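Subject: Structure for you to look at

Hello,

Please find the structure below.

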Amino acid sequence: MPNEAKSQALRWLSQRSLSVRELSLKLAGHGFDTESIQNLIEELRALGFLNDRRLAEEVVRRALAHHEGPLRVRQRLMARALERDVISDAMASLQETADWQTIAERLGQRYDRDNPRDRARLMRRLAREGFPTPVIRRLVDKEGRDDVSGADDY
């Protein structure tokens, strides 16, 4: 049974990076016993096939490539069943390197911020992408606009 678990785990890992917890849950769901799962996880960690910190870095890189905000990035990390300290470290590193305003401005280039309808669409998009309210407001208020009605709704 351990070889069967290892074959299954390697098949999954060849398709997509998994966190330790994701792999454990998948294996448990397929009926493998806890002791076999723990031994296999230790072996895969030693071989470098399982690394939660590396996975967190991948998730962060991918999210930044898609111009996602910090709230969305945190959500993605949590969805991958990573441990809290791994998420905290990844977010701390991200806060040091990411300029959220610049990332939001890249998304904002697609919208006419002088048009109230486009401005509202931009605000909704930025909120959906996980940008904090202060970043959204700075972007919408940029260039001296005073008409930001509805900004509190987002």
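**Two loops with a positive phi**

H67 lies in the loop between α4 and α5. Helices here are DSSP runs (H or I, at least four residues; strands would be E, at least two), numbered from the N terminus. The phi of H67 is near 60°, a positive value in a residue that is not glycine. Most residues other than glycine have a negative phi. A81 also has a phi near 60°, again positive and again not in a glycine. A81 sits in the loop between α5 and α6.

Before going further, note that this is a predicted model, in which local features need pLDDT of at least 70 and side-chain atom pairs count only at pLDDT 80 or more, while totals for chains, interfaces and linings use all residues. Residues are numbered from 1 along each chain as its sequence is written, and side-chain values use heavy atoms, with hydrogens and water left out.

**Helix α5**

Which residues of α5 are buried? They are P70, R72, V73 and L77. Buried means under 20% relative accessible area, exposed means over 50%, and partly exposed is in between (1.4 Å probe, protein chains only). These four residues cover an arc of only 160° around the axis, so they are on the same side of α5. The arc is taken from the directions that run from the helix axis to the C-beta atoms. L71, M78 and A79, on the other side of α5, are exposed. The cover over the buried residues of α5 includes α4, α6, α7 and α8.

R62 counts as partly exposed because its relative accessibility is 43%.

Helix α7 covers residues 100–108, and its buried residues are W100, Q101, I103, A104, L107 and G108. They are on the same side of α7, because they cover an arc of only 160° around the axis. The buried residues of α7 pack against α4, α5 (70–79), α6, α8 (116–128) and α9 (133–141). Contact means heavy atoms within 4.5 Å.

W100 is also part of an aromatic pair. Rings of Phe, Tyr and Trp (its six-membered ring) pair if their centres lie within 6.5 Å; planes under 30 degrees apart count as stacked, over 60 as edge-to-face and the rest as tilted. How many aromatic pairs does this rule give? The count comes to 1 aromatic pair. W100 and F131 form it, with 6.4 Å centre to centre and 80° between the planes, which is edge-to-face. The pair links distant parts of the chain: W100 is in helix α7 and F131 is in the loop between α8 and α9, 31 residues apart. W100 is buried because its relative accessible area is 10%. F131, at 3% relative accessibility, counts as buried too.

**The largest pocket**

The largest pocket has a volume of about 210 Å³. The search uses a 1 Å grid over the protein atoms alone: a cavity is a set of points where a 1.4 Å probe fits but cannot get out, and a pocket is an open set with protein on both sides within 12 Å along at least five of seven lines. Grid points are joined across faces, edges and corners, and a volume is the space filled by probe spheres set on the points.

Lining residues have an atom within 4 Å of a point. Those of the largest pocket are R53, A56, E57, V60, R61, L64, V86, D89, A90, S93 and L94. The elements that give two or more residues to this lining are α4 (52–65) and α6 (84–97). The largest share, 6 residues, comes from α4. The lining divides into 6 nonpolar, 1 polar and 4 charged residues. Here Ala, Val, Leu, Ile, Met, Phe, Trp, Tyr, Cys and Pro count as nonpolar, Asp, Glu, Lys and Arg as charged, and the others, Gly among them, as polar.

One of the lining residues is S93, which is found in helix α6. S93 counts as partly exposed because its relative accessibility is 38%.

**Helix α1**

A5 is found in helix α1 (residues 2–15). Is A5 buried or exposed? At 2% relative accessibility, A5 counts as buried. Leaving aside its neighbours within four places in sequence, A5 is in contact with L27, F32 and L40.

Regards
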